[in-house]
Amino acid sequence: MSIKYQQGPFSSSIGAFLNGVRPGKPKFTEKDFPTLDGKVVIVTGASAGVGFQVVKLLLGTTNAKVYLFTRNKEKTETAIKKLETEVASEYNKKNLDVHYILVDLGDLESIKPAAEQFLSLENRLDIVIHNAGVMVPPVGSKSKQGYELQLGTNDLGPHLLQKFLDPLLIKTSKTNKPGETRIVWVASFGHYMSPIGGVHWEDINFLKTEASQMQKYGQSKAINILQAKGWNTAHPDGSNIISVSLCPGFLNTELQRHGPPSQRFLSNFLHNSKYGAYTELFAALSPEVKTADHIQSFGKVTKARKDLSEPKHIQKAWDYLEENVKPYL
């Protein structure tokens with residue numbers, strides 16, 4: 001017997017959709033970025049698309065030490081060579097402080113070794129940008145541990161990675177000014193496709209539920225919002241840290257490679273991935289941002305769907321994530 005999927009309210013999405021189609025120009029750009037002298041930044045999924053542009057902007061306009069957390073060594077080495085060439089050409093800057101660590105967020109067993117490698121190299125961590133993700137993969141796709149692929153890669157993997165990074169991030173935050181230390185969870189407009197409360201608890205892996213890949217994606221992105229809101233509650237010793245979610249915008253990136261015909265129609269409204277990077281760096285760097293905010297393209301403080309701010313939904317999602325990453329700590 002199949003389980004019915006009950007999508008949450010979509011009416012409140014109209015304003016967010018219109019902003020995605022016509023967001024205006026970014027107001028927080030290179031001229032506004034702080035210098036980030038001595039700061040260490042992690043960006044996941046940074047070998048292409050928005051993540052690549054985030055790293056490029058950081059390397060070109062700040063003095064941060066940047067780590068790319070990626071799953072493909074060859075692709076990442078090619079990306080770093082491209083970064084060196086483009087940053088030298090566009091920003092007249094050489095000798096970039098850029099490094100990479102291999103990790104597959106869709107394989108929970110790969111995360112502890114990657115985190116331990118990073119922690120053996122650094123004694124501070126200022127900003128984590130959870131940019132990596134998958135979107136509408138082929139039906140039936142699963143993570144290494146058997147979770148629905150988007151749930152495993154977009155939610156459980158980042159949650160486990162963040163748990164390993166939390167002690168150093170919290171330690172660093174005590175030496176920084178309030179709000180300088182941040183965790184950025186990249187969500188999506190797709191969260192409007194999720195059920196009430198964000199999660200299809202009756203069948204979280206969609207084994208018996210007829211649902212589109214976009215609805216499954218929507219659940220994973222709603223959970224990112226719940227993670228952003230839940231982190232500070234779970235970490236009272238991290239009161240100096242801003243945890244924030246965002247929708248980077250309607251962007252032309254590799255995420256669309258498995259998309260349905262409706263997405264190909266929406267491609268008429270897609271924007272360059274660099275603008276999504278401005279959204280992510282607004283969340284990571286702008287003094288306007290406060291913890292538990294939600295940011296939309298291309299750097300506007302807004303709110304996600306209302307039910308995703310309810311403590312009961314935040315706590316239930318947080319408890320699920322905690323329980324399911326526990327075997328891999």
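## Strand β1 and its partners

Val-43 of the predicted model has Ile-129 of strand β4 opposite it. Helices and strands here are DSSP runs (H or I of at least four residues for helices, E of at least two for strands), numbered from the N terminus. β1 and β4 (residues 127-130) are paired in parallel through three bridges; two strands count as paired if DSSP finds at least two bridges between them. On β2, the residue opposite Val-43 is Leu-68. β1 and β2 (residues 65-70) are also parallel, and five bridges join them.

β1 (residues 40-44) is largely enclosed by the rest of the structure, because five of its five residues are buried. Buried means under 20% relative accessible area, exposed means over 50%, and partly exposed is in between (1.4 Å probe, protein chains only). Both faces of the strand are covered: one side carries Val-40, Ile-42 and Thr-44, the other Val-41 and Val-43, and all are buried.

## Basis of the values

This is a predicted model, in which local features need pLDDT of at least 70 and side-chain atom pairs count only at pLDDT 80 or more, while totals for chains, interfaces and linings use all residues. Residues are numbered from 1 along each chain as its sequence is written, and side-chain values use heavy atoms, with hydrogens and water left out.

## Overall make-up

The protein has nine helices and eight strands. Of its 329 residues, 58% count as buried.

Among contacts (heavy atoms within 4.5 Å) with a separation of 6 or more, 80% are between residues 24 or more positions apart.

## Nonpolar cores

In soluble globular proteins, nonpolar side chains tend to be buried together. A nonpolar core is defined here as a set of buried Ala, Val, Leu, Ile, Met, Phe, Trp, Tyr and Cys residues joined through side-chain atoms within 4.5 Å. The largest one in this model has 45 residues, and those with the most contacts inside it are Ile-42, Phe-69, Ile-111, Phe-118, Leu-125 and Leu-156. Two or more residues each come from β1, β2, α4 (111-121), α5 (149-173), β5 (181-186), α6 and α9 (311-325). α5 gives the largest share, nine residues.

Beyond residues up to four places away in sequence, Phe-69 touches Ile-42, Val-43, Thr-44, Gly-45, Ala-46, Ile-101, Val-103, Ala-114, Phe-118 and Leu-161. A second, separate core holds 38 residues, including Leu-36, Leu-58, Val-98 and Leu-285.

## Asn-224 in helix α6

Asn-224 is part of helix α6 (residues 213-234). Its relative accessible area is 3%, so Asn-224 counts as buried. With neighbours within four places in sequence left aside, Asn-224 contacts Asn-154, Asp-155, Trp-185, Val-186, Ala-187 and Ser-245.

The side chains of Asn-224 and Gln-227 are joined by a polar contact of 2.9 Å. A polar contact is a pair of N or O atoms within 3.5 Å; within protein, one must be able to donate a hydrogen and the other to accept it, and residues adjacent in sequence count only if both atoms are side-chain atoms. Pro-158 is 66 residues from Asn-224 in sequence, with a C-alpha to C-alpha distance of 9.2 Å.

Ser-297 and Phe-298 are joined by a cis peptide bond with omega of about -15°. Phe-298 is in the loop between β7 (294-296) and β8 (300-302).

Asn-92, a residue other than glycine, has a positive phi near 55°. Asn-92 sits in the loop between α3 (73-91) and β3 (98-102) and is exposed, at 69% relative accessible area. Ala-292 likewise has a positive phi, near 70°. The loop that holds Ala-292 runs between α8 (273-285) and β7, and Ala-292 is partly exposed, at 28%. Ser-2, in the segment before α1 (14-21), is partly exposed at 48% relative accessibility. Ser-2 and Phe-206 are 204 residues apart in sequence, and their C-alpha atoms are 9.7 Å apart in space.
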